[in-house]
Amino acid sequence: MTGKKKRPAVRPEKGTQRNIPGKPSEKQSERAKKRYSHTVFKDWCKKCGICSSFCPKNVIGQDEHGGPVFERPEDCIGCRFCELHCPDFAITVQELGPDTVGDV
Amino acid sequence: MPKEITKLIHKYLRHDKKFPHVWCPGCGNGVILGSLIRAIDRLGLTKDEIVLASGIGCSGRMPVYVDFNTLHTTHGRALTFATGIKLAKPSLTVITVMGDGDATAIGGNHFIHAARRNVNLTAIIINNQIYGMTGGQFSPTTPYGSHAATAPYGHIEHAFSIAELAVTAGAAFVGRGTVYHVQILDKLIKAAVLKRGFSVVEIISNCHIQFGRRNEMGNPVTMMEWMRDNSVTVEKAEKMPSEDLEDKFTIGILADEEKPIYTEEYDKIRERAGD
């Protein structure tokens, strides 16, 4: 027994904002969040699956042949594991400036 | 860390060669090539100041792809060619890339004596625990009990530890890294190239086709997970009890000492002899 009471999960209703102490406000996190663009050079990719298997944020999925697909680029934290471990130099991760508009 | 890693690598590749490279999908050799290029770029050396020599095997293809002064030599003799280059032109930065069989079996004597002589070279030894190119025969580093094409019922010989062999043979700098721990590997290669004296970097790599498939690690991901779970950094290993460290290998700098360098000693001899 841990002696800790499990707190009932309180979920804010849809559409409402809630300030969590210690966490950056939405405005702050918006400013701090960096965005990245990802390019796969398909001619060189051998579909080994290293990038999609080790991505810490599960940004990369696989297509039907096992090739990488950047499914959730907005979750990318820019660790560059995929770029560093790609044996075929087929992935490029680029940090986007704050002025970039549109989808990443 | 540079902002665009892949762009940097392309600066050093010979794009007129056949790409994608010859290695199997997920092969550690590609990761090591990237790491070597990043390390050299960080050192600020130009392409003409570097000589990259290799022997035979999968690792032997590495100099083909990079735009340095390159040599693809005979089996096990990368270090002998490199020693010759270094003695003829000590201003060059000479790096050799060898596989585990190339360095410790066919070129085993060259390896220990290059370490003993302390020629100012860098030896990068890719240890994938098997002869990959020739079809998966066991090499001097194939672990006891594992399977290979020539050991279908389990290997009965015991494995060399390349890094520890290098320390004993007298190398000035010895490091061990893996292809999973790429950032540590970048630093190790950079430190090894900078080191004045014979420096060895043993890199645990994955041959999932010839070694992994026969040992229940049939893809690069399981082999990299094995590296992640079975390696301990030197700093951590010091604090761990020795029974926890059985079956595990240490990564990081294993030896680093200052010794007189062969080329400099040779110059002194020539002076003494009144050349």
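These legends describe close-up views of a predicted model. Local features require pLDDT of at least 70 and side-chain atom pairs pLDDT 80 or more, while totals for chains, interfaces and linings use all residues. Residues are numbered from 1 along each chain as its sequence is written, with chains lettered from A in the order in which they are written.

**View 1. Overall fold of chain B.** Chain B contains 12 helices and eight strands (DSSP runs numbered from the N terminus: helices H or I, at least four residues; strands E, at least two). Its radius of gyration, taken over C-alpha atoms, is 18 Å, close to the 19 Å from the globule rule for 275 residues, so chain B is as compact as a globular protein of that length. The rule is 2.2 Å times the number of residues to the power 0.38. The C-alpha trace of chain B spans about 60 × 45 × 35 Å along its principal axes.

**View 2. The side of chain B that touches chain A.** The contact (C-beta atoms, placed from the backbone, within 7 Å) takes 21 residues from chain B and 18 residues from chain A. Elements giving two or more residues to the chain B side are α1 (5-10), α2 (28-43) and α10 (220-230) of chain B. The largest share, four residues, comes from α1(B).

**View 3. Surroundings of Cys45(A).** Cys45(A) sits in the loop between β1 (35-40) and α2 (50-54) of chain A. Cys45(A) counts as buried because it has 21 C-beta neighbours inside 10 Å; the cut-off is 20 or more other C-beta atoms within 10 Å. Leaving aside neighbours within four places in sequence, Cys45(A) is in contact with Val40(A), Gly67(A), Pro68(A), Asp88(A) and Ala90(A).

Notes
Two residues are in contact if their C-beta atoms, placed from the backbone, lie within 7 Å. A residue is buried if 20 or more other C-beta atoms lie within 10 Å of its own, exposed if 12 or fewer, and partly exposed in between; C-beta atoms are placed from the backbone.
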